Amino acid sequence: MNRVLILDYGSQFTQLIARRIREAHVYCEIHPAARGTDLAFIREFAPRAIILSGGPSSVSDAGAPTADPGILEAGIPLLGICYGMQLIAQLSGGTIAPASGREYGRAEITLTKDERNGEGLFAGFEPQSHVTVWASHGDRIDTPPPHFRVTATSSQAPVAGMRHDTKPIYGVLFHPEVVHTPRGGEMLNNFLFGIAGCTPDWTPGHFIDMEVSRIRGVVGSTGRAICGLSGGVDSAVAAALVHRAIGDRLTCIFVDHGLLRLGEREQVERTFRAHLGIDLRVVDATHRFLKELAGVEDPEEKRRRIGHSFIDVFEDTARHIGTDVGFLVQGTLYPDVIESTSAKGGPSATIKTHHNVGGLRPDLPWTLIEPLRELFKDEVRQVGRELGLPEEIVGRHPFPGPGLAIRVLGAVSEERLELLRRVDAVYLEEIREAGLYDQIWQAFAVLLPVKSVGVMGDGRTYDHVVALRAVTSRDGMTADWYQFPYEVLARISNRIINEVKGVNRVAYDVSSKPPATIEWE
């Protein structure tokens, strides 16, 4: 198999390793560090190469995550990054100690004179050249392990890079996956193609062919499936992919849960009936969802109740479709999985439960089909375009399955939902009018659970506060707040306060992810 296994030791940059590898058109998966102690799993995964990520621990700490030493004897090309390199050194008999001067941020390494040009991790680099990198470590390798030679040094690290004399095992004490290491992409490509012999075959067309074949095998020649269609790009691409595999044995269900944006139900019906040619059933379940959410303020409980209610509606609708419905299609993405799960023994924490990952009812009556589960958002868009979906679907900003329930902070009511709908409609209308929609990855309004004093028409008001959020991102794992022109923000704020009765204050969220998440709940 032409795929790479990334073992996550808790680095904030682990997702970037996956991004760089996918950008090189090589498939990869991230698994928790604990998998590195399971040689049976590694053999079953059958990776073309393994990458050990960085992490916040010291390899000398009690209970620090480790790997089975057998990984060094497996004959699989291995690259250790920062903590991963220190772990390789420790397992191989090297000496690790606290650095006398820590390196955080931009640093400069010097390639050793015997690091031959034209091969290895630094193929194409001149020997003894100076290379700018991004470092983030407090330990260093004082002495390399036996049979390893130093390939790079820095002012604070006598071993900033190393390689085994005979085995395809490499390590670097910096982060080639971040953009602050300008030639990091070359290093990773050298590892993927020059050392591991990977083939750049991870393309949208290749993915579609593989996934269509897999879905046909799972569903069989007579099985039927339903798809929870939200109107967003994820569920639309998932539906189109499954439809290509099983045709009219797929029925899409669009649930109006009363948590939609203004005019969204009509837009979804119009767009999807015109472009997808799929059997679409529309269900109005507003009363059911709002009843379930009455008085609920905790965001995790909101997500749980919404996830369970979706399944209840799907069950009711499926009875009218036929008794042979055995599969449920969902547009779950890789970031959903990463943020919603913290595998036992893994170093990463659960950030939030996505309604379609951890919020589903435990007694699910169908087998799940999640064709996009291993894709990032930008990859989903590429697949959608390859499937021929129109740009109005593929380029649409993400919209969460729980809808406005997680943008109305605190208790959800019809009155608060309607107020937020009108605010959100003005916001998006002005973004489009300014020609900024396609520059922004996601934009939305949030209704805060507070009121503030204002003055309107010489009278005192005590009304709601809304926050506006707009971010730029590639895959939703990291994001920066969008820097609106001041005149656009002023126009948006002025329209909201003047046109939406009940709002007298507008705030703009200037938090990046991390430390914040994109959605507020």
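Helix α6 is followed by glycine 247, whose phi is positive, near 65°. The structure is a predicted model, in which local features need pLDDT of at least 70 and side-chain atom pairs count only at pLDDT 80 or more, while totals for chains, interfaces and linings use all residues. Residues are numbered from 1 along each chain as its sequence is written, and side-chain values use heavy atoms, with hydrogens and water left out. Helices (H or I, at least four residues) and strands (E, at least two) are DSSP runs, numbered from the N terminus.

Helix α6 itself covers residues 233-246. Twelve of the 14 residues are buried, so α6 is largely enclosed by the rest of the structure. Buried here means under 20% relative accessible area, exposed over 50%, and partly exposed in between (1.4 Å probe, protein chains only). Among the buried residues of α6 are Val233, Asp234, Leu241 and Ile246.

Leaving aside neighbours within four places in sequence, threonine 222 is in contact (heavy atoms within 4.5 Å) with Arg249 and Asp324.

Axes are lines fitted to C-alpha atoms, for helices over the stretch in contact, and angles run from 0 to 180 degrees between N-to-C directions. Pro204, Gly205, Phe207 and Ile208 of α5 meet Gln382, Val383 and Glu386 of α11.

A further pair is formed by helix α13 (residues 414-433) and helix α14 (residues 486-499), whose axes come within 10 Å and cross at roughly 150°. The two helices are therefore roughly antiparallel to each other. Their contact involves Arg422, Val423, Val426, Tyr427, Glu429 and Glu430 of α13, together with Arg491, Ile492, Arg495, Ile496 and Glu499 of α14. By class, this contact has five nonpolar, no polar and six charged residues, where Ala, Val, Leu, Ile, Met, Phe, Trp, Tyr, Cys and Pro count as nonpolar, Asp, Glu, Lys and Arg as charged, and the others, Gly among them, as polar.

How values were computed
Angles under 35 degrees count as roughly parallel, over 145 as roughly antiparallel, 65 to 115 as roughly perpendicular and the rest as oblique. The expected span of a helix is 1.5 Å times one less than its number of residues.
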